[in-house]
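Dear colleague,

Here is the structure that I promised to hand over to you. Please look through it first, and then read the notes below, which go through what was found.

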Amino acid sequence: MPAPIRLRELIRTIRTARTQAEEREMIQKECAAIRSSFREEDNTYRCRNVAKLLYMHMLGYPAHFGQLECLKLIASQKFTDKRIGYLGAMLLLDERQDVHLLMTNCIKNDLNHSTQYVQGLALCTLGCMGSSEMCRDLAGEVEKLLKTSNSYLRKKAALCAVHVIRKVPELMEMFLPATKNLLSEKNHGVLHTSVVLLTEMCERSPDMLLHFRKLVPQLVRILKNLIMSGYSPEHDVSGISDPFLQVRILRLLRILGRSDDDSSEAMNDILAQVATNTETSKNVGNAILYETVLTIMDIKSESGLRVLAINILGRFLLNNDKNIRYVALTSLLKTVQTDHNAVQRHRSTIVDCLKDLDVSIKRRAMELSFALVNGNNIRGMMKELLYFLDSCDPEFKADCASGVFLAAEKYAPSKRWHIDTIMRVLTTAGSYVRDDSVPNLIQLITNSVEMHAYTVQRLYKALLDDISQQPLVQVSSWCIGEYGDLLVSGQCEEEEPIQVTEDEVLDVLEGLLVSNLSTPVTRGYSLTAIMKLSTRFSSVNRIKKVVSIYGSICLQMYSYSLQALFCRNDWCFSLSRKWTYLILFLSEAIPPMTAYSKNGLKIEFTFERANPNPNIAVITIHATNTTEADMTEFVFQAAVPKTFQLQLLSPSSNIVPALNQGSVTQVIRVLNPQKLTYTHKGSPIQDLAEVNNFPPQSWQ
Amino acid sequence: MQFMLLFSRQGKLRLQKWYVPLSDKEKKKITRELVQTVLARKPKMCSFLEWRDLKVVYKRYASLYFCCAIENQDNELITLEIIHRYVELLDKYFGSVCELDIIFNFEKAYFILDEFLLGGEAQDTSKKNVLKAIEQADLLQECRREPPLTVCFLSAQLTTEKPL
């Protein structure tokens, strides 16, 4: 039997494949060979075969049949076998499979092995992928190794203990004694991993936190030594002594100093020292400063120290390195609420970051800018933010627009400024504005009584320029419907009044009705506006003509959507606000309409105006039945929106006779007791689940 | 650290180290999506991005991307240093490391990583110590010479070990 192909040879071969299919073929061939080799329990080449399997696994091919082989390798006495075996276990096994438990015994033996590198393999594997059961079984061994004087093992045991604690938090207590003199170690590896272990314990348990608070002076001393000591080649990174350890100590200090005045005071000096003395020319120094700032901001530091921290972040913002700018913005965002004034001092730098090329930096700068807006800087800030809105990527526009609206609402220096700002947003980013902005803006405009003439004029002019941005068109339509009389009267205090006739206004609104750019919702707004103008304009005939043409079309569309409402025996339908409005407006002008036709039942509506009251529309429903059986217990109900009144007269009968031999008729009278005004106050009152079936493009 | 991925500019995975338990399917999905996201980044962008609920730190060295997913309380800037330290270790070990070294000696890349990080945290902050440990472990594997006195003899070295 020839020896199985060597690992590097296989890699070389696979890389010559020119297509995916070719590669797959090679892999399958090799897998078959490996499988048969496994079946033969070949000890000599098992290691090689598993290694090859791991390579193929990395390429994305299944390798689960090698799992047990990994276990056999781990159990072997050869170091090479163990090395590959443990690697295979970490790559192919996970704690979900029962098979991984078979490792437990091997790991236990290897934790007690006479060779530290074997012990190291076991600690590493356990600390990387040990399940809770394994951790429970082996915690004692790890604890033992945590107390050894062998620093190679001790450092690994510490990190392994971290993993054990994460998996089985109740076991934390048992590691407490071993932590006693961890910090007295000289070995940096042990120090680093010990600090990580202590951090984990303090984060998880308030009792541990209290217990370890007494370590603060010792941690401060270690940190001081690192900074003050001379050049140490072994741990030097760009002139800084063991930055990894410094960062971890700073993080532990943060946790220990949080909400404790004494500890915070004890670390005050060292934090100031690190903050002022750390070399900032390279990333490594800035990494330490960053951690220092986070610690200062989180503990109970004195105000001078906090200002120092914010200023560091301010300097970070000016750094050429975009990574540094990014972490500065992230950190400032976290502190802007608590240290608002200090952050305000860096406002102009933050605003400059809006022009950064990096998307993440831009986003943070935008969020931070909005957080910094107040009554004093609103004009200047809004100028910058509106400029940003003009030029930013589409992914930002919605959030930016919302932010501008919110800020304007809170801090607008004048109503005119407010309206102008809204106009600016609608015209530059109108398609990105959120749907709920439209009713909110309408409310705002309603409340700014003295600005009505100015607002309607500006919105009208905006429509002349561009009818593609739906929120803008909707708000403008509504406004014209409401204040059209002011528009044609040529009165405007805020700016030069424009001269526009009723016909011109109606031309614009009608244009919206026919335009392909208008959505059904927009069409609804413009049709409603036209209807409202019938009470404000004198060209009532023109309006009636327009409404009857478009209104009938819309009613017809609506009737199809009514079909969704009917369920078995309960014929209930609801009139939406716009539909009711339209019926009242058009009344007898509406042709008969089939509201429902399904399973043999047909329901038709006919319309007429009541005499003498023109504000009442009369709808007569006619129900007929083409099936062979009578439809009994036929009950018809209706509902209208709040401001309208509904009267349901008695039906002619409760039985719809079969085969069109008769019909049930019922009269519904709808009254609008008020003048035809309009407000957006949500949807009609319904108890019916079916209302949700209305397709989105129907009239609501 | 939750995981570290090494991949080429064409998106081919060269190393994957997971410190959280996930199914093979989930790992594949995460890898695919994250690789796509990182490769789509323009050169002028910073080395950090938010992805799902994690922070991702990545850096390109020649033709290889080194990509780590860290937790919210981890320090992004020091993670860049961790990545750099790993690259330095590889460089020292292989002598001017390139992607091909990682491809043909992937198991060694893992051994070095596992000697540097454990459970996602650095075990030793001294470059020298990590390299020394690897060297010693390699010697054990070779068993052509006697292991140094600090290491006890392995029994059963009588059978001939086959190189991979």
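How many residues of the lining of the second largest cavity are nonpolar, how many polar and how many charged? The lining of the second largest cavity has twelve nonpolar, two polar and four charged residues, where Ala, Val, Leu, Ile, Met, Phe, Trp, Tyr, Cys and Pro count as nonpolar, Asp, Glu, Lys and Arg as charged, and the others, Gly among them, as polar.

Before the rest, a word on how to read the values. This is a predicted model, in which local features need pLDDT of at least 70 and side-chain atom pairs count only at pLDDT 80 or more, while totals for chains, interfaces and linings use all residues. Residues are numbered from 1 along each chain as its sequence is written, chains are lettered from A and ligands numbered from 1 in the order in which they are written, and side-chain values use heavy atoms, with hydrogens and water left out.

**Cavities**

Rolling a probe the size of a water molecule over the atoms shows where empty space is left. On a 1 Å grid over the protein atoms alone, a cavity is a set of points where a 1.4 Å probe fits but cannot get out, whereas a pocket is an open set with protein on both sides within 12 Å along at least five of seven lines, and lining residues have an atom within 4 Å of a point. Grid points are joined across faces, edges and corners, and a volume is the space filled by probe spheres set on the points.

By this rule there are six cavities of 30 Å³ or more. The largest cavity has a volume of about 230 Å³, and of the 18 residues that line it, A:Arg248, B:Ile78, B:Thr79, B:Ile82 and B:Glu121 are the closest to its centre. Two or more residues of that lining come from each of α13 (243-257) of chain A and α2 (76-94) and β7 (121-122) of chain B, helices (H or I, at least four residues) and strands (E, at least two) being DSSP runs numbered from the N terminus. The largest share, four residues, comes from α13(A), and the lining of the largest cavity divides into eight nonpolar, five polar and five charged residues.

The second largest cavity, with which these notes began, has a volume of about 180 Å³. It is lined by 18 residues, and A:Arg83, A:Leu121, B:Phe111, B:Asp114 and B:Glu115 lie nearest its centre.

**Pockets**

The largest pocket holds about 740 Å³ of space. Its lining has 25 residues, of which A:Met58, A:Leu59, A:Gly60, B:Lys12 and B:Leu13 lie nearest the centre, and α1(B) gives the most to this lining, with seven residues. By class, the lining of the largest pocket divides into eight nonpolar, eight polar and nine charged residues.

The second largest pocket has a volume of about 630 Å³, and of the 39 residues that line it, the closest to its centre are A:Cys128, A:His163, A:Arg166, B:Tyr19 and B:Val20. Its lining has 15 nonpolar, nine polar and 15 charged residues.

**Buried residues in chain A**

In helix α1 (residues 7-15) of chain A, A:Leu7, A:Leu10, A:Ile11 and A:Ile14 are buried, that is, under 20% relative accessible area, with exposed meaning over 50% and partly exposed in between (1.4 Å probe, protein chains only). They lie on the same side of α1(A), because they cover an arc of only 100° around the axis, the arc being that of the directions from the helix axis to the C-beta atoms. What covers these buried residues includes α2 (20-39) and α3 of chain A together with α3 (99-104) and α4 of chain B.

A:Lys52 is in helix α3 (residues 46-58) of chain A, and it is buried, with a relative accessible area of 0%. Apart from its neighbours within four places in sequence, A:Lys52 is in contact (heavy atoms within 4.5 Å) with A:Pro4, A:Ile5, A:Arg6, A:Leu7, A:Leu10, A:Glu30 and A:Ile34.

A:Val99 is in the loop between α5 and α6 (103-111) of chain A, and A:Val99 counts as buried at 18% relative accessibility. Its C-alpha atom is separated by 8.9 Å from that of A:Leu71, 28 residues apart along the chain.

**Chain B**

Chain B has five helices and seven strands, and of its 164 residues 60% count as buried.

With best regards
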